[in-house]
Amino acid sequence: MKLVPNGEVLLQMAGLPNSHQLSLRARISYPTVDKYINAPETTSSISALVMAAILLDGLDLTPDQVLELRLGDVFQLVE
């Protein structure tokens with residue numbers, strides 16, 4: 001079992017049609033966002049900087065809103 005970003009939920013929270021739009025908004029390379037959103041089970045590690053950019057810039061959350069998120073809101077367990 002490993003903890004991976006819940007890509008579908010993150011994209012829904014962003015209110016964007018696809019991961020390309022999220023990469024533009026978060027100012028992160030598309031291949032990185034694509035891996036986190038569309039193929040999270042392939043990630044071998046999770047970058048705190050990438051997750052911060054996705055949450056703060058991509059989802060347009062404030063730091064206080066990020067602090068109030070539960071782990072299960074943005075991550076999921078996969079085998």
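**Core packing and charged pairs in the predicted model**

D57 is partly exposed, with a relative accessible area of 29%. Here, buried means under 20% relative accessible area, exposed means over 50%, and partly exposed lies in between (1.4 Å probe, protein chains only). The model is predicted, so local features need pLDDT of at least 70, side-chain atom pairs count only at pLDDT 80 or more, and totals for chains, interfaces and linings use all residues. Residues are numbered from 1 along each chain as its sequence is written, and side-chain values use heavy atoms, with hydrogens and water left out.

D57 takes part in a salt bridge with R27. The N to O distance is 3.2 Å. A salt bridge is a side-chain nitrogen of Lys or Arg within 4 Å of a carboxyl oxygen of Asp or Glu. Side chains of opposite charge can pair when their charged atoms come close. R27 sits in the loop between α2 and α3, and D57 in helix α4. The two are 30 residues apart, and the pair links distant parts of the chain. Helices are DSSP runs (H or I, at least four residues), numbered from the N terminus. R27 is exposed, at 66% relative accessible area.

The count of salt bridges comes to 2. D73 and R70 also meet in a salt bridge, at 3.1 Å from N to O. D73 is partly exposed, with 22% relative accessibility. R70 is exposed, with 60%.

The largest nonpolar core holds 19 residues. Such a core is a set of buried Ala, Val, Leu, Ile, Met, Phe, Trp, Tyr and Cys residues joined through side-chain atoms within 4.5 Å. L10, L22, I28, I37, I54, L55 and L59 touch the most other members. Two or more residues come from each of α1 (7-14), α2 (19-26), α3 (30-38) and α4 (48-58). Helix α4 gives the largest share, 5 residues.

I28, one of those core residues, is in contact with S23, V33, V50, A53 and I54, leaving aside neighbours within four places in sequence. Contact means heavy atoms within 4.5 Å. S23 lies in helix α2. S23 is buried, with a relative accessible area of 4%. Not counting residues up to four places away in sequence, S23 touches I28, S29, Y30 and V33. The side chain of S23 also reaches the backbone oxygen of H20 at 2.7 Å.

Conventions:
Polar contact = N/O pair within 3.5 Å; in protein donor to acceptor, adjacent residues only side chain to side chain.
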